[in-house]
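Morning, everyone. Let's take a quick look at one structure together. Please keep the sequence and the 3D view open while I talk.

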Amino acid sequence: MGWSNWSGSVTAAARVARPRDEGELAALVRGARKVRAVGAGHSFMPLCETDDLIVALDAMAGDMVIAADRRTARIPAGWSIKRVTAALWAEGLALANQGDVDPQSLAGAMATGTHGTGTDLGSLATFARGFRLIGADGEARWCDAATNLDLYQAQRLSLGLFGIATAIETAVVPAFHLAERIEKRRWAEVRESYDELAGQHRHIEFWFFPHADTVILKTLTPCDPCDPPASTTDMEETAFRRVLDIAARLPFLTPFLQRAMMRTRFDGGRRGPAHAIFPSDRTIRFEEMEYELPRAAGLAALDEVVGWIRRKRLPVTFPFEYRTVAADDIWMSPMNAGPVAAISMHQYAKMAWAGHFAAAEAIFRAHGGRPHWAKRHRLTRADVDTLYPMAGRYRAVRRAADPAGKFLNPHLEALFS
Ligand SMILES: Cc1cc2nc3c(=O)[nH]c(=O)nc-3n(C[C@H](O)[C@H](O)[C@H](O)COP(=O)(O)OP(=O)(O)OC[C@H]3O[C@@H](n4cnc5c(N)ncnc54)[C@H](O)[C@@H]3O)c2cc1C
């Protein structure tokens, strides 16, 4: 009994069940008053929380089936991205893009609009071509662009509201290798040339400690054939953890600690199969908010937030992460109005975050931002209506799919009932 998310900020006094097949899952859904699906529990918002039943699909039987044209694969929805990409690699295939880590389930990542970075690359949800769902009535349904179109459109970014996905047909690409390059660069120089750099690299992002004037720039470039692996230079987590623990006790030292840390070397990189290079280890727990801003507004919004943190000497101990994501046409996607700059703000899990996030959120909203659904935000139902023209249609599909609100929890009820 009991469940907690990755960061420890969301807990639920629920029963957690691990069905082994669709029959068991359907019986669990039929018998529950309320049910939420969970993947790896990597969401910071209370998306999986319920006081009744949580179902995890990691023990479900099922295999990946690759289409004859090798452009799509039907994949068990509860598989982690790590398992999906390892299985694809064994078949000479890959996902076109991935996020920072790979323990998330395929269903959970798509359900929240999880993305990586890349000017021409959309979120993982843009790879979905069809879903097999166990509905609130316990019946299995398929939806895609030709069958149950409205359900498919809503399900592409579903927040788990329309049923429990057991399989997802996903676009795949031929396997490729990546070369990672990490370098410390002056912030002023990266800010000046960011658009040019983003045009030159398939994947680019930077990490920016708000009290320092250098950033860690990371690029990923396809390399086939690829030279043997170079040395790994992931940010040294032991040193970083030490800095964070000092900052947690003595927050006023944060600006000094960040500047000192950025004087160390960060240059390096890795090479290898794409699915091994996209993710990094994240062993230090943090809380996160992320806003997707119109691409042209991103750097100005970042300037304003960083300026405010510096003026107030706020102990924001983690770096901002800045990425680019292509536009899409998904009803509830924050990328559906055009390409975005995705700005993540993190705070060490042992330190206060809510006040800092709320103040920064106001700045991001003023620059036209919309939040990542899995990460901390304070949208109201009225905000959802203002930001998403398709919100009414999304709610209508939800009502038809789940009239009794079995898949709702208090957070989702407030926004989507
Ligand atoms: C360390 C870390 C790194 C991260 N990196 C990135 C990143 O690089 N890019 C990014 O965009 N986000 C990132 N995130 C956010 C993360 O990708 C999302 O929270 C994602 O939803 C997590 O997947 P999950 O399997 O843990 O889903 P959960 O958090 O378990 O669930 C998320 C949602 O999916 C629903 N769901 C899960 N399984 C099913 C199913 N089978 N059927 C229907 N609904 C289902 C749940 O009900 C819930 O609404 C990161 C989070 C952490 C903690």
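Start at the ligand. This is a predicted model. There are 34 residues around the ligand. Which of them come nearest? They are G39, G99, G108, G160 and A374.

Now, the make-up of that shell. It divides into 16 nonpolar residues, 15 polar and 3 charged.

Where do these residues come from? Look at β4, residues 35-38, then α3, residues 106-111, then β11, residues 164-171. Each of these supplies at least two residues of the shell. The largest share comes from α3, with 4 residues. Next, zoom out to the domains. Domain 1 covers 3-56, and domain 2 covers 65-174. The shell draws at least three residues from each of them.

Next topic: backbone angles. Most residues other than glycine have a negative phi. Two residues here deserve a look.

Take N148. It is not a glycine, yet its phi is positive, about 50°. Find N148 in the loop between β10, residues 140-144, and α4, residues 149-155. Is N148 buried or exposed? N148 counts as buried, because it has 20 C-beta neighbours inside 10 Å, and the cut-off for buried is 20 or more.

Now R313. Its phi is also positive, about 50°, and R313 is not a glycine either. R313 lies in the loop between α9, residues 298-312, and β18, residues 320-325. Buried or exposed, then, for R313? R313 is exposed, because it has 12 other C-beta atoms within 10 Å, and exposed means 12 or fewer.

So, to recap: N148 is buried, whereas R313 is exposed. Thanks, everyone.

Methods: Residues are numbered from 1 along each chain as its sequence is written. This is a predicted model: local features need pLDDT of at least 70, side-chain atom pairs count only at pLDDT 80 or more; totals for chains, interfaces and linings use all residues. A residue is near a molecule or strand if its C-beta atom, placed from the backbone, lies within 6 Å of it. Ala, Val, Leu, Ile, Met, Phe, Trp, Tyr, Cys and Pro count as nonpolar, Asp, Glu, Lys and Arg as charged, and the others, Gly among them, as polar. Domain bounds come from an automatic or database domain assignment.
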